[in-house]
Amino acid sequence: PPGFVESSCQSRIFWMKLNKLFLQGKFFQLEINDPHAGPILLDEKLASRCGYVLSEDVWGNPVFRASVLGCHVANEVDELFSLTVNIKVSSFSSMRAAVTYTYPMYCSYSSWASREIVCEENYMEVSVRTDVPAVSNDYTVAWMSALPETQNVAYQLWQLMFVSPSGRTTITVSDAAKLGYSFNNTLSRVYLRAPYHTNESDVSMVSGVNMNMVTSTSMYRQRWLLLLIDTTVSCPVDGISFTDTTLTWTVPRVIPTLVVQESTFLSKTTLLGVDGQVIVNPEENNYLLEHNETHIRITIPIGAEGGKLKSAVSGGVYGVVYSIDLFLEHTWTDADWQTTKYTVVKSITTPFLPQMPTIINNTLPEERLFNVAFGHFLPDVSLVAIAIGNVPFTLREAQRHGFKIYETLFSNRTKGFVLEVSFDDPYVLKEYVNRNETKYTLLVNYTVSVGPEMTPYYHSAEVECVIADIEIPEAVGYCDKENLYLAIPTFGLHQYWNLYLGSKPLNRHVVLTNGYLAATNLTHLVLQIPLFAVGVIYEEASFQNIKARFDVALRKVRTMETLQMFSVRCNFNSSAFIICQPDGTIMISAQMKTIPAIDMSKTKLRDSSCKPREYNEEHAFFKFHVTTCGTSVRFEGDHIIYENEISYEKETLPGQSIPTITRDPDYRLSVLCYYQAKETLVLSAFATNPSTSPSFGSGTMIPRSNIAAYRRIRQALNVVSRVSKDESFMEFYEPNAAILKRPVEPMFLEVELKDESPNVELYLENCWVAASRDFNSTPRWNITVDG
């Protein structure tokens with residue numbers, strides 16, 4: 001069929017190539033059509049002995065090469081050559097029902113050199129011109145005139161003498177044929193063909209290249225004539241080296257066994273061929289052909305034109321293999337041989353070269369779209385399937401889901417696979433990061449099919465993109481006469497962040513427990529906080545004015561990092577209040593209406609030195625610490641209660657005559673602050689800033705009648721206390737001595753009542769440790785509370 005066979009004649013070699021497209025799914029055989037014996041099936045043994053090569057080019061097309069001196073080639077006066085090949089094609093491995101295509105090839109070659117050597121893949125061949133000495137007598141003339149008619153059987157009269165490391169051996173041509181050699185003569189030439197690595201061959205290194213050599217002399221003897229011809233042949237068997245980017249083929253420039261008189265050696269031409277065609281300008285394909293005194297070196301970039309890159313998988317790793325079919329033709333002259341044409345045919349394949357695929361991230365944040373290219377691959381690689389977030393998809397399923405997948409071409413003739421996935425796709429991982437950003441993560445696993453063998457290869461990738469697409473909410477605060485309000489947007493609550501009151505999450509329980517009110521609409525959470533509720537911070541307070549603030553922290557759900565503080569701050573007018581700060585500071589605005597009016601400047605606490613800081617006709621403002629001004633403490637359930645009194649000293653009114661008139665208010669104002677016991681175990685031991693910490697004390701004021709039963713008479717008792725050095729209470733510290741203790745060390749305290757009255761009992765109500773000798777100094781650390 002047209003296009004099935006392509007042939008040429010190059011370097012006295014028949015070249016025939018079969019188009020693999022016609023042979024897909026079929027089997028084929030080659031037969032050599034001998035003019036006398038008929039078709040002969042081509043096999044490996046016949047090929048090496050008769051000068052044939054059957055292989056594949058780098059593209060997978062079957063290639064057949066044959067020397068014009070091959071066994072079954074028709075030779076016309078060493079100038080015109082023909083060979084007929086039968087191509088048998090069958091759909092069955094047994095070759096039954098085969099179709100035979102007969103293909104004749106013709107080659108014209110007349111420019112023979114004195115000696116020509118061909119180094120093929122499976123054989124070495126040397127042909128030598130036979131110039132018979134011109135002896136002028138009748139016998140010689142008669143022999144020469146009869147030579148053309150007898151050349152078909154004349155080779156039987158030749159003998160071959162081999163010189164090898166084991167010695168010298170002389171055998172007949174028939175015996176040499178049994179060893180795989182082929183020897184014959186034509187009208188003007190004698191040739192010897194030898195397979196590589198026979199018993200008669202030797203391997204030696206020439207300029208760093210291993211050469212396989214057969215040293216032989218062909219002898220023809222008939223009566224008075226003895227013809228000796230040197231038929232030595234030597235061919236390179238290695239000389240190939242690789243880097244990650246190039247391959248190098250090195251051939252010795254001067255081969256000693258082929259050039260006896262090296263001083264007369266003169267290199268004439270060096271030609272490079274690729275795929276059976278001579279390359280006139282190698283540099284156009286980035287080939288480098290160079291030679292020096294010892295070498296001819298060819299350097300070719302991996303992937304260069306004329307060769308083929310093929311994808312492969314080895315050990316789960318993707319890579320490439322590069323193959324190229326080269327031949328080198330070197331012509332030289334020397335005194336012994338005049339002209340030698342030396343041709344080497346070489347198919348070179350690199351070892352497996354790992355090529356780690358890359359992920360090219362062309363993600364478009366402004367379009368919220370992952371755009372990921374996966375490459376670089378040769379054209380023989382196909383994308384089969386993907387998995388997004390460990391969920392597998394065929395290509396059709398992926399397209400149906402909404403993923404966009406297509407191929408893209410790169411400048412170096414490779415390709416990649418582009419995947420587009422929206423940030424909002426449910427299979428994309430989303431994580432709230434930093435202050436107002438989202439990290440989108442695309443986890444993708446690729447499955448590709450490699451080469452004609454369709455070897456699967458798997459590759460996973462992780463692509464991230466962080467964009468600022470979250471808006472931090474802003475709260476709005478306002479107040480009325482008795483409450484503070486915070487309106488907080490509900491977007492992102494509990495998904496990205498939570499609300500915190502101090503260290504506690506602001507949940508339904510906290511809202512109900514603290515007396516807040518919460519209402520939610522479509523966009524906002526509105527908190528109503530009474531002025532004197534727990535959590536309100538009192539920045540300033542006077543006897544009729546309070547500057548109050550309420551803070552709610554916006555924190556990340558996962559890291560608890562505070563991102564924003566929502567605050568509402570207002571001024572309130574209040575005629576009477578008590579504020580119990582977390583550091584133990586108590587602020588009281590007391591309203592005491594009496595008839596007649598009293599002088600508010602003369603009001604006091606239990607400690608008469610504690611006077612009001614501000615006052616007017618009806619109000620007095622006190623500010624003091626729970627450890628001062630005679631404040632007492634007691635426990636009730638899980639609360640600590642601090643108590644003090646505001647009282648007015650008895651005043652004598654001037655009268656017009658005896659007796660005198662005295663006025664004593666009919667009540668005293670008791671002030672109580674309640675604290676949660678578990679939250680006040682270190683009260684006043686460590687300073688707390690009341691402007692930033694929420695109040696957790698609640699207070700109340702109780703007016704009391706000022707009758708005698710409520711009056712307390714202080715009586716000095718004879719009490720002695722001292723500190724023991726250990727639990728034995730045998731050795732005590734000196735009075736007024738400074739005692740240094742670590743917080744974890746116990747304190748051994750002894751208190752003794754030296755009073756003989758039988759009605760007196762000793763109760764320890766409060767004992768504490770202070771940093772100075774002043775009883776009113778702060779901070780102080782409790783040792784015992786309420787006995």
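Is Cys629 buried or exposed? In this predicted model, Cys629 is buried, with a relative accessible area of 9%. Its disulfide partner is Cys610, at an S to S distance of 2.0 Å, and Cys610 is likewise buried, at 12%. The link of Cys610 and Cys629 is left-handed, with -90° about the S-S bond. Cys610 lies in the loop between strands S50 (603-604) and S51 (614-615), and Cys629 in the loop between strands S52 (619-625) and S53 (632-636), so the bond ties together parts that are 19 residues apart in sequence.

A search of the whole structure finds six disulfides. With the bonded cysteines of the chain numbered in sequence order, the pairing is 1-4, 2-3, 5-6, 7-8, 9-12, 10-11. Among the disulfides is the one between Cys119 and Cys235, with S to S 1.9 Å. The torsion about this S-S bond is about -85°, so the link of Cys119 and Cys235 is left-handed. Cys119 belongs to strand S10 (residues 115-119) and Cys235 to strand S19 (residues 233-236), so parts 116 residues apart in sequence are tied together. Cys119 is buried at 1% relative accessibility, and Cys235 is buried at 0%.

A disulfide also joins Cys479 to Cys570, with S to S 1.9 Å; this link is right-handed, with 90° about the S-S bond. The pair connects distant parts of the chain, 91 residues apart, with Cys479 in strand S39 (residues 476-479) and Cys570 in strand S47 (residues 562-573). Cys479 is partly exposed, at 27% relative accessible area, whereas Cys570 is buried at 15%.

On the surface, Met747, Leu749, Val769, Trp781 and Ile783 form a nonpolar patch with about 380 Å² of accessible area together. Met747 lies in the loop between strands S59 (719-724) and S60 (748-753) and is partly exposed, at 34% relative accessibility.

How values were computed:
Residues numbered from 1 in each chain as written. Predicted model: local features only at pLDDT ≥ 70, side-chain atom pairs only at ≥ 80, totals over all residues. Heavy atoms only, no water. Patch = residues over 30% accessible without salt bridge, like charges linked within 9 Å, V, L, I, M, F, W, Y side chains within 5 Å. Areas by Shrake-Rupley, 256 points an atom, 1.4 Å probe, with all protein chains shown as cover. Salt bridge = Lys/Arg side-chain N within 4 Å of Asp/Glu carboxyl O. Helix = DSSP H or I, 4+ residues; strand = E, 2+ residues; numbered from the N terminus. Buried < 20%, exposed > 50% of the residue type's maximum accessible area, 1.4 Å probe, protein only. Disulfide = S-S within 2.5 Å.
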